[in-house]
Amino acid sequence: MKTRVITGTVVTLFMLAVVCLYATPVFAIAISVICAMAVWELLRAFEMHKVWILSVPSMVIAAALPTVSFVLFKILGKQAVVFITVLALTFFVLMFYSFFVAVFKRGKLNFAPLSASLVLTMYAVTCFSALCVLNYLEGLGIFTVGMVFIGAWVSDVFAYFTGRL
């Protein structure tokens with residue numbers, strides 16, 4: 001319990017610092033690091049982290065796409081079409097590559113964990129990339145980002161204190 005409280009305190013202080021640096025490149029880089037950590041945990045959950053030929057591209061995309069999204073919105077302004085196009089093309093290439101590897105591994109790679117890790121990678125990267133571009137959409141901004149972090153933190157705290165799965 002003591003370790004979890006200390007970890008929670010450190011993470012909370014880190015997240016407060018990240019939120020205070022909102023709309024700066026530091027925020028985008030921090031979100032990219034967090035996204036890469038999240039994708040790594042998702043890959044570990046499906047034991048796909050050992051398949052380097054698939055986990056490395058997923059990690060590169062997770063580490064790069066939030067920052068790339070931030071830079072694109074910084075340069076191009078409020079053109080959400082560009083953001084959606086970049087996400088769609090990136091995920092199409094990752095999906096095509098993953099299935100290409102699955103076909104040529106011929107039975108050495110189980111298709112179910114591959115598909116689940118691919119979809120969860122796309123899910124995590126999309127969510128974290130959206131955090132980086134919220135500042136550039138009208139009516140949204142630091143309040144929305146703060147609510148995302150507070151909502152996730154509160155739900156985790158209550159889940160910890162009320163029980164386990």
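The exercises below, each with a worked solution, go through the helices, core, spaces and rings of one predicted model.

The model is predicted, and in it local features need pLDDT of at least 70, side-chain atom pairs count only at pLDDT 80 or more, and totals for chains, interfaces and linings use all residues. Residues are numbered from 1 along each chain as its sequence is written, and side-chain values use heavy atoms, with hydrogens and water left out.

**Exercise 1. Describe the overall build of the protein chain, starting with how many helices and strands it has.**

Begin with the elements, which are DSSP runs numbered from the N terminus, a helix being H or I over at least four residues and a strand being E over at least two. The protein chain has six helices and zero strands, and from the N terminus on the order is therefore written α-α-α-α-α-α.

Next, take the extent: along its principal axes the C-alpha trace spans about 50 × 45 × 20 Å. Then consider burial, where buried means under 20% relative accessible area, exposed means over 50%, and partly exposed lies in between, with a 1.4 Å probe and protein chains only. Of the 165 residues, 33% count as buried.

Finally, turn to contacts, defined as heavy atoms within 4.5 Å. Among contacts with a separation of 6 or more, residues 24 or more positions apart account for 69%.

**Exercise 2. Locate the largest cavity and say which residues line it.**

Rolling a probe the size of a water molecule over the atoms shows where empty space is left. On a 1 Å grid over the protein atoms alone, a cavity is a set of points where a 1.4 Å probe fits but cannot get out, whereas a pocket is an open set with protein on both sides within 12 Å along at least five of seven lines; lining residues have an atom within 4 Å of a point. Grid points are joined across faces, edges and corners, and a volume is the space filled by probe spheres set on the points.

The count comes to one cavity of 30 Å³ or more, and the largest cavity has a volume of about 50 Å³. Its lining consists of Leu 43, Leu 54, Ser 55, Ser 58, Ser 98, Leu 114, Ser 117 and Leu 118, with α3 (52-76) and α5 (111-133) as the elements that give two or more residues.

Not counting residues up to four places away in sequence, Ser 117 touches Leu 43, Phe 46 and Met 48.

**Exercise 3. Describe the largest pocket, and decide whether Met 15 is buried or exposed.**

The largest pocket has a volume of about 1,300 Å³. Of the 32 residues that line it, the closest to its centre are Val 11, Met 15, Ala 152, Trp 153 and Asp 156, while α1, α2, α5 and α6 each supply at least two residues of the lining.

Met 15 lies in helix α1 and counts as buried, because its relative accessibility is 15%. Leaving aside neighbours within four places in sequence, Met 15 is in contact with Ile 34 and Phe 149.

**Exercise 4. Work out how the rings of Phe 100 and Phe 104 are arranged.**

Rings of Phe, Tyr and Trp (its six-membered ring) pair if their centres lie within 6.5 Å; planes under 30 degrees apart count as stacked, over 60 as edge-to-face and the rest as tilted. The whole structure holds three aromatic pairs. In the pair of Phe 100 and Phe 104, the centres are 4.6 Å apart and the planes stand at 55 degrees, so the pair is tilted.

Because Phe 100 and Phe 104 are four residues apart in helix α4, about one helical turn separates them. Phe 100 is partly exposed, with a relative accessible area of 44%, whereas Phe 104 counts as exposed at 54% relative accessibility.
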